[in-house]
Amino acid sequence: MRADLGHRLRALFRRDTVERELDEELRLHLEHEIEKRLAAGMGRDEAIRQAHLALGGFDQIREAHRDARGISFVESVLQDLRYGGRTMRRAPLFAMTAVATIALSTAAIATVLTLAHTLFVQRLPVQRPSELVAVSGTRIRWNPERLAVREAERVRILGPVSYPDYVSFRDRTRTLSGLAAHYPTAPLFVTANGNVKEINGAAVSANFFRLLGLEPVLGRFFHEPEDQVPDRDRVAVISSNLWRTWFAASPDAVGSHLRINSVDFTIVGIAASDFVGTTPVPIEVYIPTMMLRVGYRWCDDALAADCSVLQMIGRLAPGQTVASAAAEMPTLMPASWLHARAGENSGVAVTDVRGMSEDDDEPRLVAMLAAVAFLLLAVCCANLAGLSTAQSAARAGEFAIRLSLGAGARRVVRQVSTEWLMVGAAGGIGGVVLSRLFIGMLAAAFFTVDDEGHPLRYLFGQPPAIAAITIGAALVAALVISVGPALRVARRTGVSDATPRSTAARRIPGAWLLGVQAAAAVAMVSVAALLAAGARTMVTGRNYDATHLAVLRVRPRLLKYPPERAQRFQRDVVQRLAAVPSVESVSMVGVGTVLNGGATAIALPSWTGQQVRARFNEIGPDYFATLQTPLISGREFDAGDVVSSPHVAVVNQTLAARLWPDGQALGATLLVSKTPHRVVGIVEDIRLGSRAALPESWVYTPFWQNPAEIDSRLAIRIAGDPAAMLPALVREVNRVDPDVPISEAITMPIQLEGLMRPARIGAAFVGYTAALAVLLTGIGLFGVLSFAVARRTREIGIRMALGAARARIVRAIVRDGLLVVGSGAVAGIGAAQAATRLVTHLLYGSAAADWLYYVAAAALVVIVGASACIAPARRAAGVEPAVALRSD
Amino acid sequence: MADRSQKIDLPQGTLDLLILKALALEPQHGWAISDRIQQISKDALRVQQGSLYPALHRLERRGWIKAEWGASDNNRRAKFYALTRSGRKQLDAQAEAWRTLTAAVALLLDTA
């Protein structure tokens, strides 16, 4: 056995030596044969001839000998690889096109898979992350539009818990070896070492770091006693990032002071840089949960049972599973949860801690992208299959020679497959490399800043499995592509045997493949354009124009300003900003973002106890003028709508039509949160939802009629570029009160781009695949037409000799090409309509102009197809009958 | 000139037996093996060169013979094949099997 293996290995690795030795043996043998015959008295020439005859062909012996060596398979694969390399060197353009095509399309697959992995699969970069579980409260989501919701229609959503809730789970669980609480997105106004900034912080229980298995870079994390008495232990841990940027990585940072929301803290440790939090918003400062009152200002007491702000993360005890923890948790639920109202925690869920996705729509987006990526690979297969048909026909001669020299058909088929597998492997590897680049671009374009301008940090990781899947997909694609040419070889019929026939479909081999490519290209171009246009629609149009809007979020609440002081500040700010040159108008909102507020309960006075939910915001005077939202009737709020004046409201058209179908909305009374308001204006709908979303009811009340307002988001219309004005606007606010934190200073278009992230990712990704698909269609048509012209040179020559005009020949070629691409493009319009329906949830704005996009996309593909016809048609026109007829 | 016996395909494994037997006396190089088989069989058996060398390497791979470079009669570098211990055992076993087989076949042919 060992002899056998040694022999085989020697044969494999010392191949040249083994072959040389064999040749030497055979030569010696031949000499002996000759000598024997000479000795028998034969003439020298005759002896040599006879000896050669007796010995037989050297090559056959060698081949048989190779089989006996038992390395034939490996060796012939090596030989195929060498042949393949030679083939590629001989036709480098074809090989490069094929490799590049596969690389560019598999890169899309690797990119989507990496995105999916990062968003949904990847574990936290902590110790034994697979043991971690998230424990959340579950609640029934408010359905804003309906009164009665059947149980089946209720959607349970995950929600945070209060500190006492957390303690009740933490102290009694047996399935978890530990349970930590954290509030990972606390906007903290931090002053240290001469720096002032609102940064993202986290309030974490003292066991948080230990539970995750994290080690500080410097100093220490929190001790248990530091997280037991509310408001007492003012200790903080800062991130490596903050340590570097604010403290120049000085060891003196530990022990130094930090003001968080005007409370002094001592830095006790520096967190390592590999773990930046459980969400994409990196955590820069950690404080103990007992200091939550400093970090969270929305509840009167952030540590009370009615303030649900904390998330819980636990580590499974040895032998426990997510299922066993999920079974235990409901038994530990606080008693108050049993009679929870809608919107409050009434159940508990245990989930795996995976991925960084925070958006419920992201799975659908990524699934769409994956479908597009695989469609692109299919298009690439179709393209290369068409090109390889042409190429293999051109190589029919080579294969015929190899077959007649005694190579088995199977051997030649294997050679063809090997060549394609080489192309596939190179393409797949190229795709993986390229995907790293794409991921970087994707991350930089869409995953670095949120819609409030705050930095995000997604840890994009590409595990080896994704590289393997990508290369595997490339190899499968290569095998699929090689089936056509391989079958042709196996049947020993070259395409050159085929006689040209009359229909275009037969004139162009693989015409239907090209048609399918053209159709896919049209669909992809349409969808990409619609996604991009939809995302742009969100900036301008839809009854508002955000192009020239700047947004400032001023937060006196972080400084615990009482409402009177805060409102004085807000008034001064609006006055000052309105006086800045090139500021056209200034308004503000009290709830949420400028366009996207909150929700409230509304009712008509005639209803008995019933209420419905409507979207809601508290807005300053000139809000609709600033947004350029048309008023349908009545007026918008002005300086006269104050706390002491009668309560007024503005409703949008949808709400007006819903509550007052007879058109009597103006002057009617509407209960907003049970307080009567007189409707003084009706405005057009500001539609923020996608095409799939129904129009929403909106009610607006005056910012200045709510005496409790403290914070605001200011909307400022600028004559010119709002980005250029931001520093001046910030300076102006600082002049009113330098202490008040400005937590957002951003332009509205950028903010909307953040909100439009899924549509923009879709547009960029589908745009990429669409460009590639269009290009491939062009290349495919060019290749196939060139081949067809080359094959029909003789026929064209005969036609010309018989008097056909050159123009007619050109027309025939172009007609053939355009017929294929044109019919594909028409089919593509149908495909585009179907594809549009699949992405309705990502499309914004009216569908009325969609057909324009379809037609434009089809026209683009046809134009590219027509340009691809030019060179082959010119070649056909250049055929010289005399030359063509002599060619074979 | 072409021998009739040459046309008879040697049964599978027979060539191996012949080679082993030819090497039983002393190490030989390839041509000498075929020459010896031809001589001893009085030209009845002629080994196809195309099968000799593959067979030699098959046997070498099985470890029944081993090859060494040496000088031939006319002082040329030649590859000499020699029986190994397991090759000798193999020869005995195969020869015994062959005798049993031929005796049985002969018996059958004679009585039938």
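**Notebook: chains A and B**

I began with B:Tyr81, which, neighbours within four places in sequence left aside, is in contact with B:Leu23, B:Pro27, B:Gln28, B:Leu56, B:Ile65 and B:Ala67. The model is a predicted one: local features need pLDDT of at least 70 and side-chain atom pairs count only at pLDDT 80 or more, while totals for chains, interfaces and linings use all residues. Residues are numbered from 1 along each chain as its sequence is written, with chains lettered from A and ligands numbered from 1 in the order in which they are written.

**B:Tyr81**

I located B:Tyr81 in strand β3 (residues 77-83) of chain B. Helices (H or I, at least four residues) and strands (E, at least two) are DSSP runs, numbered from the N terminus. Is B:Tyr81 buried or exposed? B:Tyr81 is buried, because 26 other C-beta atoms lie within 10 Å. The cut-offs are 20 or more other C-beta atoms within 10 Å for buried, 12 or fewer for exposed, and partly exposed in between, with C-beta atoms placed from the backbone. I also took the C-alpha separation of B:Tyr81 and B:Thr102, which is 28 Å for residues 21 apart along the chain.

**Chain B**

I read the order of elements in chain B as α-α-β-α-α-β-β-α, which comes to 5 helices and 3 strands. Of the 112 residues in chain B, 30% are buried. Counting contacts between residues at least 6 apart in sequence, I find that 48% join residues at least 24 apart.

Next I looked at one helix pair. Helix α2 (residues 14-22) and helix α4 (residues 49-62) of chain B pack at about 75°, and their axes are 10 Å apart. Axes are lines fitted to C-alpha atoms, for helices over the stretch in contact, and angles run from 0 to 180 degrees between N-to-C directions. α2(B) and α4(B) are therefore roughly perpendicular (65 to 115 degrees; under 35 is roughly parallel, over 145 roughly antiparallel, the rest oblique). On the α2(B) side the contact uses B:Leu15, B:Asp16 and B:Ile19, and on the α4(B) side B:Ser51, B:Ala55, B:Leu56 and B:Leu59. By class, these are 5 nonpolar, 1 polar and 1 charged residues.

**Chain A**

I looked up the largest nonpolar core, which has 180 residues. A core here is a set of buried Ala, Val, Leu, Ile, Met, Phe, Trp, Tyr and Cys residues joined through C-beta atoms within 7 Å. A:Val861 is among the residues with the most contacts inside this core. Beyond four places in sequence, the contacts of A:Val861 include A:Val522, A:Val774 and A:Val821. A second, separate core has 70 residues, among them A:Tyr183 and A:Ile260.

I then checked two helices. Helix α23 (residues 757-791) of chain A reaches 50 Å from its first C-alpha to its last, close to the 51 Å expected at 1.5 Å a residue. The expected span is 1.5 Å times one less than the number of residues. α23(A) is largely enclosed by the rest of the structure, because 27 of its 35 residues are buried. Helix α6 (residues 92-121) of chain A reaches 40 Å, close to the expected 44 Å. α6(A) is mostly covered, with 21 of its 30 residues buried.

Last, I noted positive phi values. A:Arg128, not a glycine, has phi near 40°. A:Arg128 counts as exposed because it has 11 C-beta neighbours inside 10 Å. A:Ser673 has a phi of about 50° and is in the loop between β20 (669-672) and β21 (675-683) of chain A.

Terms used. Two residues are in contact if their C-beta atoms, placed from the backbone, lie within 7 Å. Ala, Val, Leu, Ile, Met, Phe, Trp, Tyr, Cys and Pro count as nonpolar, Asp, Glu, Lys and Arg as charged, and the others, Gly among them, as polar.
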